[in-house]
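Open the model in your viewer and keep the selection panel at hand.

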Amino acid sequence: MRVQSLDNKASCYHSNMRLNNKPQNFHPSFKSLISQKQINEIIKNTKNPQNIRKYLDSIESYNAFIRGLDRISFNQITDQLYQKYGIETDLKGNKVIAGANALVCNIFQKLGLIKPPALYMRSFPNSQQFSRTYAVTSVHKQMTDFDIAMKERYPLRSVVYNSNIDWDKLQLMAISEKEAGHSSTGHFLHVFLHEFFHNVHADNLYKRFGSEARGSDVFAYLQRKYSKQANIELVKKETGRYGSTNPAETFADEMSERIADSLNPRTLLPDKNPFAFMEFEGRIDFNQMIDDIWQGKKRKY
Ligand SMILES: [Zn+2]
């Protein structure tokens with residue numbers, strides 16, 4: 001495991017993927033293939049039959065992923081993350097997290113998107129604000145509530161995962177959040193795609209606005225709650241409830257959906273260009289909004 005010394009200047013948090021389950025103790029083992037019985041239950045209980053195909057595709061990939069973890073060690077995965085992408089890791093032996101990050105790195109590599117410089121696993125404070133948060137991406141130059149709560153600062157654009165989440169239930173958590181209208185996909189890679197897109201977005205804003213400090217100010221603007229009810233309703237319909245929290249979350253959850261929908265279930269790589277949208281889908285206003293958020297345009301949301 002390679003841990004960079006922490007860069008004192010860089011850091012901040014933003015994102016909260018929340019979960020209904022009670023936090024559980026961290027287990028470094030995995031046990032969590034989805035059985036045919038569970039698949040039948042999911043199909044029987046879904047409120048959204050149009051999503052079943054996507055759930056089945058994700059479950060197929062997920063089960064192959066879990067089986068594949070048996071054939072590789074934790075250190076082999078983190079060594080690859082370092083050798084292929086230069087990513088420093090301190091993931092406390094959690095193979096599911098290491099493996100899922102490696103899959104998302106491969107996807108982002110294929111798409112030519114930037115990847116985080118470092119990945120961490122930490123016990124988040126048992127507070128209202130953070131106890132049920134899956135992960136936080138450090139996107140702000142200035143100190144945040146998360147840094148203060150953690151008493152640690154993380155390098156800019158790194159991702160910190162919460163060790164109090166039961167990551168062995170990754171696939172079931174993803175489907176239950178999609179079923180609840182909370183997140184934009186039921187894909188088992190959802191949390192990872194989501195965090196990586198905050199990272200890509202932040203990097204774009206740093207470059208566009210000329211510095212990390214200015215870019216993170218714009219990011220903070222995009223983390224303010226929507227004031228227009230019409231925008232909240234639009235995002236809920238197009239992306240999901242979590243995405244409607246603020247424009248930065250809209251961007252991460254919407255882009256995660258586009259990637260998840262483009263993945264070949266066998267290779268877990270995009271089969272088609274996930275960014276060749278959507279003008280054809282009659283979502284012109286929504287697409288314009290996503291593009292404005294991407295560019296950091298300070299329009300009134
Ligand atoms: Zn987020």
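The tour goes along the helix, then across to its neighbours.

This is a predicted model, in which local features need pLDDT of at least 70, side-chain atom pairs count only at pLDDT 80 or more, and totals for chains, interfaces and linings use all residues. Residues are numbered from 1 along each chain as its sequence is written.

Select residues 74-85, helix α3. Helices here are DSSP runs of H or I with at least four residues, strands are runs of E with at least two, and both are numbered from the N terminus. The expected span is 1.5 Å times one less than the number of residues.

Now colour F74, I77, T78 and L81, which are buried (20 or more other C-beta atoms within 10 Å of the residue's own, with C-beta atoms placed from the backbone; exposed means 12 or fewer, partly exposed in between). Look down the axis of α3: the buried residues fall within an arc of 95 degrees, so they line one face. The arc is taken from the directions from helix axis to C-beta atoms. On the face turned away, find the exposed residues N75 and Q83.

Next, show β1 (88-90) and α4 (95-110), against which the buried residues of α3 pack. Contact requires C-beta atoms, placed from the backbone, within 7 Å. The axes of α3 and α4 are 9 Å apart, at an angle of about 30 degrees (lines fitted to C-alpha atoms over the stretch in contact, with angles from 0 to 180 degrees between N-to-C directions). The two helices are therefore roughly parallel, a label for angles under 35 degrees. Among the contact residues, select Y85 of α3 and C105 of α4.

Notes
Contact = placed C-beta atoms within 7 Å. Parallel < 35°, antiparallel > 145°, perpendicular 65-115°, else oblique.
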